[in-house]
Amino acid sequence: MGRPRAFDEDEAVRAAVALFGGRAYDGVSVDDLVSHLGVHRNSLYKTFGSKRGLYLIALRRHLADDVRPLLDALAGASDAAAALRLVTSADLDLLLLAAIERAPVDEEVAAEVTAALAAVDQAIADALGVSADLAAALTAAALGIILRGNPDNAATALAQCLDPLT
């Protein structure tokens with residue numbers, strides 16, 4: 001019989017979400033995971049199978065812990081400006097990095113990212129009573145603002161332009 005696990009798997013996954021969300025998949029080595037998660041290399045492989053296995057678990061945790069609450073909040077958005085504020089203030093770092101870095105080369109990541117973004121689009125469309133195309137455009141604008149770091153307070157300027165649309 002093996003030794004009992006000497007680390008909290010839930011805490012390790014939360015730490016992996018933060019690490020991958022801050023540095024992306026390719027920016028995180030197995031040594032980084034071992035030191036930041038407080039696990040031994042053998043335990044990491046035994047529990048998660050591989051760096052990619054841990055990444056997928058971390059991505060799914062991020063979607064459950066950060067994207068799902070955003071979807072719930074979007075259901076109460078009264079107008080496009082409110083939806084924009086909700087999306088641009090959400091912690092979507094890992095989702096965005098996954099979309100840019102891993103989705104083009106990993107079908108499983110691509111499926112998770114595609115489903116999450118479609119869910120955001122649908123939540124906006126449902127809340128605002130707008131077409132799927134307009135909701136997708138609003139999502140794209142919000143994600144662009146996040147990626148660009150909200151230059152010149154672009155989120156506020158766009159929100160003011162959107163008010164008459166909804």
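Modeller: Let us begin with what counts as a helix: helices are DSSP runs of H or I with at least four residues, numbered from the N terminus. Under that rule Ala154 belongs to helix α9, which covers residues 154-162. Please keep in mind throughout that this is a predicted model.

Biologist: Is Ala154 buried, partly exposed or exposed, and by what reasoning?

Modeller: Buried means under 20% relative accessible area and exposed means over 50%, with partly exposed in between. Because Ala154 has a relative accessibility of 24%, this residue counts as partly exposed. As for its placement, the C-alpha atoms of Ala154 and Gly144 are separated by 9.9 Å, the two residues being 10 apart along the chain.

Biologist: How many helices and how many strands does the chain have?

Modeller: The chain has nine helices and zero strands. Its C-alpha atoms, taken along the principal axes, fill a box of roughly 65 × 30 × 25 Å, and buried residues account for 41% of its 166 residues. Among contacts between residues at least 6 apart in sequence, 66% join residues that are at least 24 apart.

Biologist: How do I read the packing of two helices, and at what angle do α1 and α4 pack?

Modeller: One looks at the angle between the fitted axes, and 65 to 115 degrees counts as roughly perpendicular. The axes of α1 and α4 are 9 Å apart and the angle is about 90 degrees, which makes α1 roughly perpendicular to α4. On the α1 side the residues involved are Asp10, Val13, Arg14, Ala16, Val17 and Phe20, and they meet α4 residues including Leu54, Tyr55 and Ala58.

Biologist: At what angle do the axes of α4 and helix α7 cross?

Modeller: Those axes come within 10 Å and cross at roughly 0 degrees, and α4 and α7 are therefore roughly parallel to each other. Among the residues making this contact are Leu56, Leu59, Leu63 and Val67 of α4, together with Ala116, Val120 and Ala123 of α7.

Biologist: How should I read such a list of residues along one helix?

Modeller: An α-helix has 3.6 residues a turn, so residues three or four places apart point the same way.

Biologist: Which residues touch the most other members of the largest nonpolar core?

Modeller: That core has 55 residues, and Phe20, Leu54, Val87, Leu92 and Ile124 touch the most other members. Helix α4, which spans residues 51-74, gives the most to this core, contributing 10 residues. Leaving aside neighbours within four places in sequence, Leu92 is in contact with His62, Val67, Leu70, Val87, Leu143 and Ile146.

Biologist: Which residues of helix α6 are buried, and what covers them?

Modeller: In α6, residues 93-102, the buried residues are Leu94, Leu95, Leu96, Ala98, Glu101 and Arg102. Their cover includes α1, α4, α7 and α8.

Biologist: Which residues does the UniProt annotation "DNA-binding region" cover?

Modeller: In the unreviewed UniProt entry, that annotation covers residues 29-48. In the model this span is 80% helix and 0% strand, and its end C-alpha atoms lie 15 Å apart.

Note on methods. Residues numbered from 1 in each chain as written. Predicted model: local features only at pLDDT ≥ 70, side-chain atom pairs only at ≥ 80, totals over all residues. Heavy atoms only, no water. UniProt positions renumbered as here; feature names shortened; annotations may be inferred. Core = buried A, V, L, I, M, F, W, Y, C linked by side-chain atoms within 4.5 Å. Buried < 20%, exposed > 50% of the residue type's maximum accessible area, 1.4 Å probe, protein only. Contact = heavy atoms within 4.5 Å. Axes fitted to C-alpha atoms, helices over the stretch in contact; angles between N-to-C directions. Parallel < 35°, antiparallel > 145°, perpendicular 65-115°, else oblique.
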